[in-house]
Amino acid sequence: MNNDFDFVNDLKDFKKRINSSKNKAMCEKFRLECRRFEKIAEEYENAELYLCDQFQNRVVKETYSINGRELHRGYYSPSPVFDVVIGNCNRGKLLKRLTKKSNVAFNYGFDESDRLIVVKNFFDESITATEFIIYNNNIATGITFSSDHLITNLCEEIYENRKLKFLSQADFFPENHSIFNLHQESYTYDVSGIKTADIYMYDPQFPLLQHQQYHFKHDADGYLSEYTVTSFDGETPQKSVWDNHIFNVDIKRKV
């Protein structure tokens, strides 16, 4: 009986929290971002055949990778640190040569400027999704179509001085033309490389926002060596069991 009572109280507290003016203000920027990505999806929803024709003709080099399906684009995931700070995911590895036994996860197509422009997702030798990456000055926008020819994901990378400054990934629900999950990352740099990464996860259905900030250090050779993490409620740091805990970086990476 007490457990039922606690559950009801927890549910009331949860509803009170998500309906509070503080939570709504905190989520407003991300709500508007969802609307923006929905408009991008609307703009490209009938463009798959055109994009396929235009982009496939520009592919001059192809590579393949295995594993890494937990990450968007696998080996060429646009996030420089997500697989570093999140467990149970990896980028997979590139294949030196393709054989009949290769369990291909991704096929990557590059243009004459060596820019990644087409990514094909595979499962059991079948293409399950295709992403076309559109470049416009310092912005790269990825539009992913499912095998049913429906947009399911949008990705936006914003660069400053050739360094990735902002990354957004939006899962799109084509049946009702809405974003159902928004993932964003923003980065700062120092002379060693990446200094901080703010990772936001926004669920527009509730709405709820999760925010963690990661602080990185590098070794003498410039590789990521360790990091700490701070959790936030909006812009307010929150106490956590991981406060001041130093995580070692097991992946050898310079960013």
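Reader: Which residues does R73 touch, not counting residues up to four places away in sequence?

Author: A contact here means heavy atoms within 4.5 Å. R73 touches P78, F106, Y108, L116, V119, E131, I133, G142, C155 and E157, leaving aside residues up to four places away in sequence. One thing to keep in mind: this is a predicted model, where local features need pLDDT of at least 70, side-chain atom pairs count only at pLDDT 80 or more, and totals for chains, interfaces and linings use all residues. Residues are numbered from 1 along each chain as its sequence is written, and side-chain values use heavy atoms, with hydrogens and water left out.

Reader: Is R73 buried or exposed?

Author: Buried means under 20% relative accessible area, exposed means over 50%, and partly exposed is in between, using a 1.4 Å probe and protein chains only. R73 counts as buried because its relative accessibility is 4%. Look for R73 in the loop between β1 (61-66) and α4 (82-85). Those labels are DSSP runs numbered from the N terminus: helices are H or I with at least four residues, and strands are E with at least two.

Reader: Now the strands. How many bridges join β6 to β7?

Author: Two strands pair if DSSP finds at least two bridges between them. Strand β6 (residues 139-146) and strand β7 (residues 151-160) run antiparallel, joined by 7 bridges.

Reader: Where does β7 go next, and how does it pair with β8?

Author: β7 pairs with strand β8 (residues 163-173) in the antiparallel sense, over 8 bridges. E157 has L167 in β8 as its bridge partner. This hairpin has 2 residues between the strands, and N161 takes a positive phi near 55 degrees.

Reader: What do β9 and β10 do?

Author: They run antiparallel, joined by 9 bridges, and a hairpin of 2 residues links them. Within that pairing, D190 has G193 in β10 as its bridge partner. β10 is mostly covered, with 8 of its 11 residues buried. β10 then pairs with β11 in the antiparallel sense over 8 bridges, through a hairpin of 4 residues. In the loop between these two strands is P207, and the peptide bond from F206 to P207 is cis, with omega near -5 degrees.

Reader: How much space lies in the largest pocket?

Author: Rolling a probe the size of a water molecule over the atoms shows where empty space is left. On a 1 Å grid over the protein atoms alone, tested with a 1.4 Å probe, a pocket is an open set of points with protein on both sides within 12 Å along at least five of seven lines, and lining residues have an atom within 4 Å of a point. Points are joined across faces, edges and corners, and the volume is the space filled by probe spheres set on them. The largest pocket holds about 700 Å³. Of its 22 lining residues, P78, E157, Y159, R162 and L164 lie nearest the centre. Elements giving two or more residues to that lining are β5 (126-136), β6, β7 and β8.

Reader: And which residues touch the most other members of the largest nonpolar core?

Author: In soluble globular proteins, nonpolar side chains tend to be buried together. A nonpolar core is a set of buried Ala, Val, Leu, Ile, Met, Phe, Trp, Tyr and Cys residues joined through side-chain atoms within 4.5 Å. The largest one has 26 residues, and I151 and L154 touch the most other members. Its largest share, 8 residues, comes from α2. Contacts of I151, beyond residues up to four places away in sequence, include A41, Y44, F145 and F172. Another core, of 16 residues, lies apart from it, with C155, L164, Y187 and A197 among its members.
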